[in-house]
Protein chains: 2
Amino acid sequence: MRLEKFFAPKSVAIVGASTHKTKVGYEILENMIQAGFPGKIYPVNNKAESIQGLKCYPDLPSIGAVPDLVVIVVPAPVVPEIILQCGKLGVKAVIIITAGFKEVGKEGRALEQRISQTAAQYGIRVIGPNCLGIIAPSKNINASFGGDLPKAGGIGYISQSGALLAAILDMANAAGIGFSKLISIGNKIDVNELDLVEALGDDSETKVIAGYLESITDGNTFVRRAEQISNTKPILLIKSGGTSVGAQAASSHTGSLAGGETAYEAGFERAGIIRCDSIEQQFQYAEAFAMQPLPGGNNVVVITNAGGPGIMAADAIEREGLGFAKLSRPTMEKLASFLPAASNIHNPVDILGDALADRYEFALDTVLEDPGVDVALVILTPQAMTECRATAEAVVRVVKKKPRKTVLACFIGAEKIAEALDVLRSGGIPQYLTPEDAVEVIRVMSEFVRWRKKPKRVVKLFPVNRHKVEIIIERHLRKGLREVGEADAKEILEAYGFVTPKGALATSPEQAANIANQIGYPVVMKIWSRDIIHKSDVGGVKLGIRNAQEVMDAFDLMMYRVPRKMPKAQILGVLVQQMCKGAREVILGMNRDPRFGPLMMFGMGGTMVEVMKDVSFYLAPLTAGEAKQMLMSTRTYKMLQGVRGEEGVDIDAIAEGLQRLSQLVTEFPQIQELDINPYVVGPRGTVPIAVDARMSVEKE
Amino acid sequence: MRLEKFFAPKSVAIVGASTHKTKVGYEILENMIQAGFPGKIYPVNNKAESIQGLKCYPDLPSIGAVPDLVVIVVPAPVVPEIILQCGKLGVKAVIIITAGFKEVGKEGRALEQRISQTAAQYGIRVIGPNCLGIIAPSKNINASFGGDLPKAGGIGYISQSGALLAAILDMANAAGIGFSKLISIGNKIDVNELDLVEALGDDSETKVIAGYLESITDGNTFVRRAEQISNTKPILLIKSGGTSVGAQAASSHTGSLAGGETAYEAGFERAGIIRCDSIEQQFQYAEAFAMQPLPGGNNVVVITNAGGPGIMAADAIEREGLGFAKLSRPTMEKLASFLPAASNIHNPVDILGDALADRYEFALDTVLEDPGVDVALVILTPQAMTECRATAEAVVRVVKKKPRKTVLACFIGAEKIAEALDVLRSGGIPQYLTPEDAVEVIRVMSEFVRWRKKPKRVVKLFPVNRHKVEIIIERHLRKGLREVGEADAKEILEAYGFVTPKGALATSPEQAANIANQIGYPVVMKIWSRDIIHKSDVGGVKLGIRNAQEVMDAFDLMMYRVPRKMPKAQILGVLVQQMCKGAREVILGMNRDPRFGPLMMFGMGGTMVEVMKDVSFYLAPLTAGEAKQMLMSTRTYKMLQGVRGEEGVDIDAIAEGLQRLSQLVTEFPQIQELDINPYVVGPRGTVPIAVDARMSVEKE
């Protein structure tokens, strides 16, 4: 695997190993020894002869060998010097446990820079500083002060909070959860979440990658790599600290609707990353992914010895949108042949309160044979005659025999089921305390399966006039203009194959009437000013104008009224425009996220967009399928399909518009924000029109 | 308290007490003895002299005294005879543990009926049959086969699933959760959920009422009584088994949008009942309500020794819509005076990884003084120096001193915090394993406080023409008509103060033109037939007709086209109607729920209602505040207030419409379903118009 020297070193030096039991430098050494590390351990401390029975070295050079991994626990100001020693010695992997760097201010930041430079110069990979260390149970490595070595298992965990990792370790050790690797990434001056996700992606011991992150350094790259890894193993992340980071000063609808977390969500969705809301949820998910095969479909059967929890499971299955497996006639007949008459042989299969282990074994074995069953949930409540432990053993036995289908357990209780839980866990059956938790896990697994089955991403490239766009954007940037005027914005859109309404700018009522006469009625009139973004708010828009007199009246009224509301706005005239009739108005938009790049938006258009908030987001570039998916994940979609006898609109034309826009913003990273609103669409075969557009550009 | 003989009997007879350890009749006797019941216990069994050291009686009469409570464990067919004995003896409280009644079919149902009759005749209250029994820890009563006697505490629990109760008991005993009473209600032939909620409402030991229910016998009464009790103590219910019970054959929008669970939800909301999705969630909520005072407001402060979980808590606070307490300057200065410089003295208060108990004690004590703080969440992760147990003791100490404000703990870990958790629980501090769980509990508490603060419910009665409605409905019922035609429906609405559009029915094109000329243009035309519910689906609606020629054309087109789509429909003519212009179209509706009565609906109107599903429900009769609240809980509301320079509509007029409709359906229980769609509303001061209406009636 990558970062091999960290996770499978043959020798480890601990610089700052201490003789004092209360010191971190003592604890790490102790943890390494207790973990049973089979390689060499070199404590480095110039004030001791030996620590915990190991020979102690005054400094790194005096070891006389090059340790694969160096763990540093000395005070922050001394660290740069140790790194330099490492470099000269040829050490390639260093963990800096020490805190007191950028998190305490300017001086700490300067220290970090010195370390980074030295490390880069000598080709040293660094984890930390300000971290808890790393743990690799199967290699007997516990180079951390996080706690006892956990069991070996399939979960690889990365944490940006050391304290949280220690708490997780305490919980996991009590629950017997196993890990492949645990890594505290600290200030991540070198090795970051991406390096580690890639390393765990390569690691044959890791079945599931899980992590707690507060930030992602390079969102764009992270998404691309994570997308590849998700096809091999699931990635489960908690991403905290972002809710209030909004794009407050956004000038477009898309910008104001895309909060700080939207880009993370879109990125995670693209990459197939499963986002978790809490550690509890994360481990509930992770255990199922680590222990059980992915479900072949989403039809769930429930086996229970009590009606109540069976109903609760059935409710949850419906609520989570899963399928309620319909058992085949042969299955039901076979169930009926063995189970008592009062049993329910339909799903949920109720094998009654006096069910012993044999009844569970028979029922589970039987339903797993049914081709209509993808997942089985085995519920047990400890009743007078219930054989909790023997039932757990029976479940494990059946699953060993039929390992293809997903099986989860929900044994409800505590002391009475404690032994059974140990049996289940070591038998590879994930166990949940409530039916609702178990069913939620099934839903998450089944969504992940759906994500994996998506066709390969192919982004269509349309023939466009790229050169024209370059010229317009270049002109704006040269003049230092951020906002692109409507006329220029429409020229850009036209260059990318959008159709915009006919129209021209008028500076007098008579000119307006002339233009209108040429276009044909009805027309729309809009005040024309770079300083007015939301024209309708100031009475700067009039629709449905039917003749020349109305045109002239509207012109004069706008010229009179708008300046009174916006006295500082420089008004260039009034745009007279073809009025576009179409069945529906939608919005297509883009907001460029600093971490994840262009974030596309689709939604119900018009002035209501920010009220109804019926919008969806996805990262550009879009495939045809993704564009369609964006449409389908809004409520507006049903409306677009046509309701109650009304004809639907051309859905594919909207999806194409989104793809063209995606191509535009991908090819021109200078475009920061972009709204086409309304994008007026008509029935199948008609051409949608980009009626109004807003765009802003910035130097790359 | 009510049902005193069940929960505080002086003597208990167990009919069917058994000498065999594997029998339920043995277990119940054993549980009563082990619970330390201080009164008399009479085992009744005609085949034994004594059981478990107690003298055994051959039958009830031979006891020679009247037991306060009789627990019956004999086979089902014998139970009616025992009940008769109880009646003759003067026993007033009976628990029937025995199963094999209505849950097994017809014969069992017949047995239940005999028992009910005898019990009613002799004034015996019966819990069960087919139940686990009851437990009252503080009275040393364990008349159940559910498990060991739990600790005494503030939670009263009612369960419609015996097996679930046993599982809950196992979990609660392991976690040290205390109960006032636990009741398994079984088939509830007499004592039902309402009796028990009322009994627990009266019970001074019960601080929180919790329960698992699969059905509620009389929803309407339950809601009314529960509403009163919620003002004294919170009610937390799991209601399962209802998701797929839809009103499939509904003929109105309201009917098809009101699923089986909508009425339960509306009923629970009215009654202030807190609905829980799982047992886990329920106990998380219940413990907080039982242990801590209700928060005075929703401003939360977080104290933590680790950054990560602090951020997670802050995220959750924002996500759950709670307030993030802003600490006052004196509070921050005081914090700064004692805490190390690297601490964060803003919320979340980070007292750093090396915080000992004293730092927690000082910080908690300080922030609780701040008037801007309503709730404190104390987060601890077990780090190298952390004093878990001493910190728990410190938190308990501070809370004892300052018991007014709500304090919750989130100690994250397992073995390292095990002792601390015991200290917290016995000190009355609810503890959660993740910040997200704790914050969710705070949100639920704060919503409950908001519910309690609602003004007293006053339903306004409008002067109406009730007699006219009586006549119309009577006529329909006499003729056996379920659907009320549009004309009649509008007359009914007019009698209750609604305004409907001008118009009349035409049977020829010329007559249609005449009517239109009288009304004035534009007009609307609608096909007129009892058999066509959704007119626009069949091309039976035309809007915006501008002159007599268009009227005649539309008439003939409808008469030609509609019969081809609906060949069996009897067409009475075409309605010619004033075209109502208004800013917005909304829908007002009602669907009568068999358990909870009239369920009012409000939403965005027009043909989109079932697509957008932007609707809200509430039980009639509505107060002005509730009608307003219905409006406010839709996204449509923002649109009604006016967006982007558009004028808003008359919100109060819509709310009044809902109240008038609520009065109508309350006064006429024959009305089963009712939609006013669209209800066209204009700016403040204009009169809304009920443009179209659907109504169905049934004999009461």
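## Strands, helices and chain symmetry in a predicted model

Strand E26 (residues 597-604) of chain A and strand E27 (residues 615-619) of chain A pair in the antiparallel sense, with five bridges between them. This description concerns a predicted model. Within the pair, A:Leu599 has A:Leu619 of E27(A) as its bridge partner. E27(A) is mostly covered, five of its five residues being buried. The cover extends to both faces of E27(A): A:Val615, A:Phe617 and A:Leu619 are buried on one side, A:Ser616 and A:Tyr618 on the other.

An open sheet of chain A has seven strands in the order E9-E8-E11-E10-E12-E13-E14, with mixed pairing. Its edges are strand E9 (141-144) and strand E14 (274-275) of chain A, each of which pairs on one side only. Inside this order, strand E10 (residues 151-159) and strand E12 (residues 208-213) of chain A run parallel and are joined by five bridges. A:Tyr157 stands opposite A:Ala210 of E12(A).

| Helix of chain A | Strands of chain A it lies across | Angle |
|---|---|---|
| H5 (residues 162-175) | E8 (133-136), E10, E11 (178-184), E12 | about 165° to E11(A) |
| H6 (residues 193-202) | E10, E11, E12, E13 (235-239) | about 160° to E10(A) |

Helix H7 (residues 219-230) of chain A has twelve residues, and the distance from its first C-alpha to its last is 16 Å, close to the 16 Å expected at 1.5 Å a residue. The buried residues of H7(A) are A:Gly219, A:Thr221, A:Phe222, A:Val223, A:Ala226, A:Glu227, A:Ile229 and A:Ser230.

Helix H20 (residues 548-565) of chain A has 18 residues, which at 1.5 Å a residue should span 26 Å; the end C-alpha atoms are 26 Å apart, so the two values agree. At the start of H20(A), a side-chain oxygen of A:Asn547 comes to within 3.2 Å of the backbone nitrogen of A:Gln549. Buried in H20(A) are A:Val551, A:Ala554, A:Phe555, A:Met558 and A:Val562. The elements that cover these buried residues of H20(A) include strand E21 (503-506), helix H19 (509-519), strand E22 (523-528), strand E23 (541-545) and strand E24 (573-578) of chain A.

A:Thr381 belongs to the loop between strand E18 (375-380) and helix H14 (388-401) of chain A. The relative accessible area of A:Thr381 is 0%, so this residue is buried. Its side chain is joined to that of A:Gln383 by a polar contact of 3.0 Å. Leaving aside residues up to four places away in sequence, A:Thr381 touches A:Asn305, A:Ala306, A:Pro309, A:Thr386 and A:Ile412, and also B:Ala163 and B:Ala167 of chain B.

The relation between the chains can be stated as a rotation and a shift. Chain B is superposed on chain A by a rotation of 180° with 0.0 Å of shift along the axis, at an RMSD of 0.1 Å. The two copies are therefore related as by a two-fold rotation axis. The same surface serves both copies, since 100% of the contact residues of chain B recur in chain A. Among the residues of chain B, B:Met612 comes closest to the rotation axis, its C-alpha lying at 5.0 Å.

Methods. Residues numbered from 1 in each chain as written. Chains lettered and ligands numbered in written order. Predicted model: local features only at pLDDT ≥ 70, side-chain atom pairs only at ≥ 80, totals over all residues. Heavy atoms only, no water. Helix = DSSP H or I, 4+ residues; strand = E, 2+ residues; numbered from the N terminus. Expected span 1.5 Å × (residues − 1). Buried < 20%, exposed > 50% of the residue type's maximum accessible area, 1.4 Å probe, protein only. Contact = heavy atoms within 4.5 Å. Polar contact = N/O pair within 3.5 Å; in protein donor to acceptor, adjacent residues only side chain to side chain. Pairing = 2+ DSSP bridges. Axes fitted to C-alpha atoms, helices over the stretch in contact; angles between N-to-C directions. Least-squares fit on C-alpha atoms with pLDDT ≥ 70 in both.
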